[in-house]
Amino acid sequence: MRLDKYLADCGAGSRSEIKKMIHKGFVTVDGVPCPKPETQLNPETAVVTLHGITLQYKKYIYLLLNKPQGYVSATWDKKLPTVLDLVPEEYLHFEPFPVGRLDIDTEGLCLLTNDGALAHRLLSPKSHIPKTYEATVEGVVTEKDTDAFRQGVTLDDGYLTKPAELEILKSDTISQIRLTIYEGKFHQVKRMFEAVGKKVIFLKRIAMHRLWLDESLESGELRELLPEELHLLEWEDTPV
Ligand code: URA
């Protein structure tokens, strides 16, 4: 790995700031001043200092985003803004991507990472990881719907959903609900309500696996996961 990439992965600054610091001789590798950004090193073994302080190498990034409406959960789109447009430059060189898809009009918990193994485990249909949503629904949501979702409902394409937990927060002509599903079919929550004759008019993901949205994050804001939050996403059982 190049020295300048190593420093960027450590969060030492932007690429141009890092180049300047290296050229000025502020960086040492294994105790030797190293003024060349293109110097190759082994990130597993090299000891790199900046202004005399040893850096901790970071390979993966884990970002918790409170996704606003109007952004596509993708790394690129022909015309629409993507969740990557909300990621500050200092994280972009890690090449994070969103773990799973939220619709453009869905808000809430969106995890971005460059850890492909973790993303695979979270997204694998075999993992059955819970995803919890809060929604506003047009129509009176009743215990009949709770029972139907517990049994499984048939979507428009004939698919029978796995048991899901529906909690009714407010039952009225416009209802408020909380729903936990253990799979991730396309537009699943919206289609489950369509299957019982109702329409989701607002949808927000509030949890994924054991990780909850940090409600102190404003819409569009993100932060790195805390070590204990990352731990919540790990498995103790056998790999999927
Ligand atoms: N279900 C939906 O219908 N939309 C989402 O964005 C997520 C789950």
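What share of the 240 residues of the chain counts as buried? The answer is 46%. The model shown in these views is predicted.

**View 1**
The chain divides into domain 1 (3–54), domain 2 (62–114 + 214–231) and domain 3 (131–208). Domain 2 is written as two stretches, 62–114 and 214–231. Between the C-alpha centres of domain 1 and domain 2 the separation is 28 Å. Seven helices and 13 strands make up the list of elements in the chain. The radius of gyration is 22 Å, well over the 18 Å that the globule rule gives for 240 residues, so the chain is more spread out than a compact globule. Its C-alpha trace spans about 70 × 40 × 30 Å along the principal axes.

The accessible surface of the chain comes to about 12,800 Å². Carbon and sulfur atoms account for 54% of that surface. Take the contacts between residues at least 6 apart in sequence: 64% of them join residues at least 24 apart. The chain carries 30 positive and 37 negative charges. The mean positions of these two sets are 4 Å apart.

**View 1. Helix H6 under cover.**
Helix H6 takes in residues 188–195 and is mostly covered. Six of its eight residues are buried. They are Gln 188, Val 189, Lys 190, Arg 191, Met 192 and Phe 193. What covers these buried residues? Strands S7 (106–113), S8 (131–138), S9 (165–170), S10 (174–181) and S11 (199–208) are included in the cover. Helix H5 (143–151) is also among the covering elements. Just after H6 comes Gly 197, with a positive phi of about 80°.

**View 2. Pro 163 in its loop.**
Pro 163 sits in the loop between H5 and S9. Which residues does Pro 163 contact, leaving aside its neighbours within four places in sequence? They are Phe 149, Arg 150 and Tyr 182. Glu 183 is 20 residues from Pro 163 along the chain. The C-alpha atoms of Pro 163 and Glu 183 are separated by 9.6 Å.

Asp 30 lies in the loop between strand S1 (27–29) and strand S2 (32–33). Its phi is near 50°, a positive value in a residue other than glycine. Where is His 51? His 51 is found in the loop between strand S3 (48–50) and strand S4 (53–54). The phi of His 51 is positive too, at about 50°, although His 51 is not a glycine.

**View 3. Glu 138 in strand S8.**
Glu 138 belongs to strand S8, one of the elements that cover the buried residues of H6. The relative accessible area of Glu 138 is 41%, so the residue counts as partly exposed, between the 20% and 50% cut-offs. Leaving aside neighbours within four places in sequence, Glu 138 is in contact with Thr 173, Ile 174, Lys 198, Lys 199 and Ile 201. How far from Glu 138 is Thr 39 in space, C-alpha to C-alpha? The two are 60 Å apart. In sequence, 99 residues separate Glu 138 and Thr 39.

Technical notes. Residues numbered from 1 in each chain as written. Predicted model: local features only at pLDDT ≥ 70, side-chain atom pairs only at ≥ 80, totals over all residues. Heavy atoms only, no water. Domains from an automatic or database assignment. Helix = DSSP H or I, 4+ residues; strand = E, 2+ residues; numbered from the N terminus. Rg over C-alpha atoms; globule rule 2.2 N^0.38 Å. Buried < 20%, exposed > 50% of the residue type's maximum accessible area, 1.4 Å probe, protein only. Contact = heavy atoms within 4.5 Å. Areas by Shrake-Rupley, 256 points an atom, 1.4 Å probe, with all protein chains shown as cover. Lys, Arg positive; Asp, Glu negative; His and termini not counted. Charge placed at Lys NZ, Arg CZ, Asp CG, Glu CD.
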